[in-house]
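Here are some notes to read alongside the model on your screen. Take them one at a time, and turn the view as you go.

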Amino acid sequence: MICLARQEAEKYFQQMTGKKVAWTISQPEDGLVRAGYPQYDQELLDFVRFFRDSPSYDQQYRKTLRHFHIKPKLNGVTVSQALLINNARVANAMLSLIVDGEDLQRGTWARALQEGYFYQLLKLAAKDEKVEG
């Protein structure tokens with residue numbers, strides 16, 4: 001990823017840590033209130049698009065994570081394992097899992113924002129890539 005774009009994304013994700021993402025709400029005729037979908041801001045949508053098109057995106061993220069003995073699943077344990085390994089390849093694989101996760105489960109990005117997963121993993125990937133490069 002381009003260094004400046006990564007720095008901007010890192011700053012954005014740091015600011016978003018701990019903040020809740022608004023969800024649409026629908027109230028159909030039966031009167032039950034249902035959560036709809038998260039309302040993501042343009043900055044997150046731009047990052048996702050940029051990341052998916054970058055060399056940092058790992059299309060084989062499940063295989064990469066399994067190689068490092070991490071279940072390809074998003075939770076505090078797996079993110080902690082990825083952070084402990086302290087490797088850009090693993091951090092990018094976990095970011096790729098998160099980016100693709102929204103298609104499978106609404107709210108994946110919201111959780112990753114609030115829990116600081118995006119920020120921690122992006123920061124690790126940037127630090128490790130600086131060391132390698």
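The numbered points below go from the overall fold to helix pairs, the core and a few single residues.

1. **What you are looking at.** Please keep in mind that this is a predicted model. The protein has 7 helices and 2 strands. Of its 133 residues, 44% count as buried.

2. **The nonpolar core.** Which residues touch the most other members of the largest nonpolar core? They are Phe13, Leu44, Phe118 and Leu121, in a core of 36 residues. Every one of α1 (3–16), α2, α3 (61–67), α4 (76–85), α5, α6 (108–115) and α7 (117–132) supplies at least two residues of this core. The helix that gives the most is α5, with 8 residues.

3. **A closer look at Phe118.** Pick out Phe118 and list what surrounds this side chain. Setting aside neighbours within four places in sequence, Phe118 is in contact with Phe13, Leu44, Phe47, Leu95, Ile98, Val99, Trp109, Ala112 and Leu113. Two of these partners, Phe13 and Leu44, are also named with Phe118 among the core residues that touch the most other members.

4. **How α2 meets α5.** In general, a pair of packed helices is described by the angle between the axes and the distance between them. For helix α2 (residues 42–52) and helix α5 (residues 88–104), the axes come within 11 Å and cross at roughly 120 degrees. That angle makes α2 oblique to α5. The crossing of the two helices is left-handed. On the α2 side the contact is made by Val48, Phe51 and Arg52, and on the α5 side by Asn92, Leu95, Ser96, Val99, Asp100 and Asp103. By class, this contact has 4 nonpolar, 2 polar and 3 charged residues.

5. **How α5 meets α6.** Now follow α5 to another partner. What angle do the axes of α5 and α6 make where they cross? They cross at roughly 140 degrees and come within 7 Å. The two helices are therefore oblique to each other. From α5, the residues Ile98, Val99, Gly101 and Glu102 meet Thr108, Trp109 and Ala112 in α6. This contact of α5 with α6 divides into 4 nonpolar, 2 polar and 1 charged. Notice that Val99 takes part here and also in the contact with α2.

6. The buried residues of α6 are Thr108, Trp109, Ala110, Ala112 and Leu113. Glu115 lies in this helix too, but Glu115 counts as partly exposed, because its relative accessibility is 43%. Leaving out residues up to four places away in sequence, Glu115 touches Thr17 and Gln120. Just after α6, Gly116 has a positive phi of about 85 degrees.

7. Glu115 and Lys19 are 96 residues apart along the chain, with their C-alpha atoms separated by 8.7 Å. Lys20 and Ala110 are 90 residues apart in sequence, and 7.3 Å separates them in space, C-alpha to C-alpha. Lys20 sits in the loop between α1 and β1 (23–26). Is Lys20 buried or exposed? Lys20 is exposed, with a relative accessible area of 72%, whereas Ala110 is one of the buried residues of α6.

8. **Two backbone angles to check.** Most residues other than glycine have a negative phi. His69 is not a glycine, yet has a positive phi of about 60 degrees. His69 is found in the loop between α3 and α4 and counts as exposed, because its relative accessibility is 70%. Asn86 also has a positive phi, near 60 degrees. The place of Asn86 is in the loop between α4 and α5, and at 38% relative accessibility Asn86 counts as partly exposed.

Conventions:
Residues are numbered from 1 along each chain as its sequence is written. This is a predicted model: local features need pLDDT of at least 70, side-chain atom pairs count only at pLDDT 80 or more; totals for chains, interfaces and linings use all residues. Side-chain values use heavy atoms; hydrogens and water are left out. Axes are lines fitted to C-alpha atoms, for helices over the stretch in contact, and angles run from 0 to 180 degrees between N-to-C directions. Helices (H or I, at least four residues) and strands (E, at least two) are DSSP runs, numbered from the N terminus. Angles under 35 degrees count as roughly parallel, over 145 as roughly antiparallel, 65 to 115 as roughly perpendicular and the rest as oblique. A crossing is left-handed if the near helix is turned anticlockwise from the far one by less than a right angle, and right-handed if clockwise. Contact means heavy atoms within 4.5 Å. Ala, Val, Leu, Ile, Met, Phe, Trp, Tyr, Cys and Pro count as nonpolar, Asp, Glu, Lys and Arg as charged, and the others, Gly among them, as polar. A nonpolar core is a set of buried Ala, Val, Leu, Ile, Met, Phe, Trp, Tyr and Cys residues joined through side-chain atoms within 4.5 Å. Buried means under 20% relative accessible area, exposed over 50%, partly exposed in between (1.4 Å probe, protein chains only).
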